[in-house]
Amino acid sequence: MRLPGAYYPRWRMVRIWAILDRYGAEAFREKTVLEVGCGDGSIGNFFYYLGAHVTCVDARQEFVDEVEYRNHEIRTACCDLNVYWPFPDEQFDFVLHLGVLYHLEKPQFAIEQACKHSKHLVLDCEVTNNEGYAEVLMKENPPERAEHEGDDHAWSEGNMGCRPTPSFIER
């Protein structure tokens with residue numbers, strides 16, 4: 001499980017403040033929010049306290065367990081977004097898709113589903129500068145950060161992630 005370190009608390013707050021700057025806190029009251037790749041659920045929990053009905057999804061069961069431990073009112077699911085969308089019959093007001101695509105071997109499925117099931121998609125992704133409509137597959141290794149900062153590499157077997165191009169995401 002991620003523990004507080006130098007990187008993640010700042011990463012979370014920058015994203016939260018950017019979202020609030022764009023939409024305002026009031027936009028989330030009584031709205032449905034799906035956070036994919038939620039990790040420990042800190043971002044989803046923040047929006048829960050703004051009055052949103054939050055669902056958190058992650059591929060790692062230990063992360064889902066942590067979300068449930070921290071706030072039993074947040075709905076959770078464990079799934080591999082390379083191949084499965086956990087709520088095929090639901091529409092969400094907001095899908096928070098923050099720092100997830102580059103951990104996936106098959107990002108197209110995840111982004112298509114997020115677009116299909118959201119009124120507002122908040123997407124944050126590391127990209128490559130290569131031209132074209134493709135994504136670059138690459139082996140991801142655990143980060144070289146402080147010890148105990150967390151398990152933050154590709155979910156797929158073999159740890160294959162990608163760096164999509166900006167044009168791939170826009171398409």
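Figure 1. Asp 40 counts as buried at 4% relative accessibility, where buried means under 20% relative accessible area, exposed over 50% and partly exposed in between (1.4 Å probe, protein chains only). The model is predicted: local features need pLDDT of at least 70 and side-chain atom pairs pLDDT 80 or more, whereas totals for chains, interfaces and linings use all residues. Residues are numbered from 1 along each chain as its sequence is written, and side-chain values use heavy atoms, with hydrogens and water left out. A salt bridge (a side-chain nitrogen of Lys or Arg within 4 Å of a carboxyl oxygen of Asp or Glu) joins Asp 40 to Arg 12, with an N to O distance of 3.4 Å. Because Arg 12 belongs to helix α1 (residues 8-23) and Asp 40 to the loop between β1 (32-36) and α2 (42-49), the pair ties together parts that are 28 residues apart in sequence. Helices (H or I, at least four residues) and strands (E, at least two) are DSSP runs, numbered from the N terminus. Arg 12 is likewise buried, at 13% relative accessibility. Both residues belong to a network of salt bridges that also links Glu 66 and Arg 70.

**Figure 2. The salt bridge between Arg 15 and Asp 124.** The side chains of Arg 15 and Asp 124 meet at 2.9 Å, N to O. Arg 15 lies in helix α1 and Asp 124 in strand β5, so parts that are 109 residues apart in sequence are tied together. Asp 124 is partly exposed, with 24% relative accessibility.

**Figure 3. The salt bridge between Asp 93 and Lys 119.** The closest N and O atoms of this pair are 3.2 Å apart. Asp 93 is in strand β4 and Lys 119 in strand β5, so the contact ties together parts 26 residues apart in sequence. Asp 93 is buried, with a relative accessible area of 13%, whereas Lys 119 is exposed at 57%. By the same rule, the count comes to seven salt bridges.

**Figure 4. The open sheet of five strands.** The strands follow the order β3-β2-β1-β4-β5 with parallel pairing; two strands pair if DSSP finds at least two bridges between them. β3 (75-78) and β5 (118-124) each have a single partner strand, so one side of each edge strand is left without a neighbour in the sheet. Four bridges join β2 (residues 53-58) to β3, and Thr 55 stands opposite Arg 75 in β3.
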